[in-house]
Amino acid sequence: MVRSGQVSPESCPALVLNADYRPLSYYPLSLWSWQDTIKAVFLDRVNILDHYDRAVSSPSFEMQLPSVVSLKTYVKPARYPAFTRFNVFLRDKFSCQYCGARSELTFDHVIPRSRGGLTTWDNVVAACSPCNLRKANKLPTEIGMIPYESPIRPTVHELHHNGRAFPPNYLHESWQDYLYWDSELEP
Ligand SMILES: [Zn+2]
């Protein structure tokens, strides 16, 4: 299977839902290329819930490309999201943790790497370029730049919450019904 999140819209990806009809993962969104999806259909691992207008055909069969599938067997979802650039930005709501700016975003090591700081959830924050330059190789206390929120590893649930404000860039219309099914429960 292709790793999710690396599938381009041109490849007609299918949104992959768990057996409970929630996306298998949100960040990155669980997507399979149409080739992987059709393979899974033939292996009887998924149900097709919706499809694209496009079809693929061979001499012996024709099939519309699935746009939403669900696994027949429930997979226990991960509690914690992958440590990725996107997910760090999402945790920090795409804003600089020192001044709140939302442009020129980059990453800052709270404890600089040159001072032994690690590239981990609890030491990397979103920071704008000007703040990043200003902080340079200083400790937060040396320069008086403390992140708004102490960086910690978020749960998938927390990222999901933040993600409602920042939907993925590409969403096929047939996916909408499956992405935020519980959003009406939120005030
Ligand atoms: Zn800043």
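Which residues of β1 are buried on one side, and which on the other? I started my notebook with this strand, and I found that A14 and V16 on one side and L15 and L17 on the other are all buried, which leaves both faces of β1 covered. I noted the meaning of the word: a residue is buried if 20 or more other C-beta atoms lie within 10 Å of its own, exposed if 12 or fewer, and partly exposed in between, with C-beta atoms placed from the backbone.

**Entry 1: what I am looking at**

I am working with a predicted model, in which local features need pLDDT of at least 70 and side-chain atom pairs count only at pLDDT 80 or more, while totals for chains, interfaces and linings use all residues. Residues are numbered from 1 along each chain as its sequence is written. I looked up pLDDT as well, and it is the predictor's confidence in each residue, from 0 to 100. The protein averages a pLDDT of 86, and 88% of the residues score at least 70.

I then listed the elements, where helices (H or I, at least four residues) and strands (E, at least two) are DSSP runs, numbered from the N terminus. There are 6 helices and 6 strands, and from the N terminus on they run β-β-α-β-β-α-β-β-α-α-α-α. Of the 187 residues, 25% count as buried.

**Entry 2: the sheet**

I traced an open sheet of 4 strands in the order β2-β1-β4-β3, with mixed pairing; two strands pair if DSSP finds at least two bridges between them. The edge strands are β2 and β3 (46-58), each of which pairs on one side only.

I went through the pairs in turn. β1 and β2 run antiparallel and are joined by 2 bridges, and the partner of A14 in β2 is W32. β1 and β4 run parallel, with 3 bridges between them, and here L15 has V68 as its bridge partner in β4. β3 and β4 run antiparallel and are joined by 9 bridges; they form a hairpin with 2 residues between them.

Is V68 buried or exposed? V68, which is found in strand β4, is buried because 23 other C-beta atoms lie within 10 Å. D50 stands opposite V68, and D50 is also among the residues that V68 touches, together with A14, L15, L17, L49, S174, W175 and Y178, not counting residues up to four places away in sequence. I also noted that V68 and I48 are 20 residues apart in sequence but 6.2 Å apart in space, C-alpha to C-alpha.

A nonpolar core is a set of buried Ala, Val, Leu, Ile, Met, Phe, Trp, Tyr and Cys residues joined through C-beta atoms within 7 Å. The largest one has 16 residues, of which A14, L15, V16, L17, L31, V68 and V69 touch the most other members. The elements that give two or more residues to this core are β1 (14-17), β2 (31-32) and β4 (61-71), and β1 gives the most, with 4 residues. A second, separate core of 8 residues includes C96, V125, A126 and C128.

**Entry 3: D122**

Where does D122 lie? I found D122 in the loop between β5 (105-109) and β6 (124-128). D122 counts as partly exposed because it has 13 C-beta neighbours inside 10 Å. Leaving out residues up to four places away in sequence, D122 touches P151, I152 and R153.

**Entry 4: where I read with care**

Where pLDDT is low, the predicted coordinates should not be read in detail.

Note on methods. Contact = placed C-beta atoms within 7 Å.
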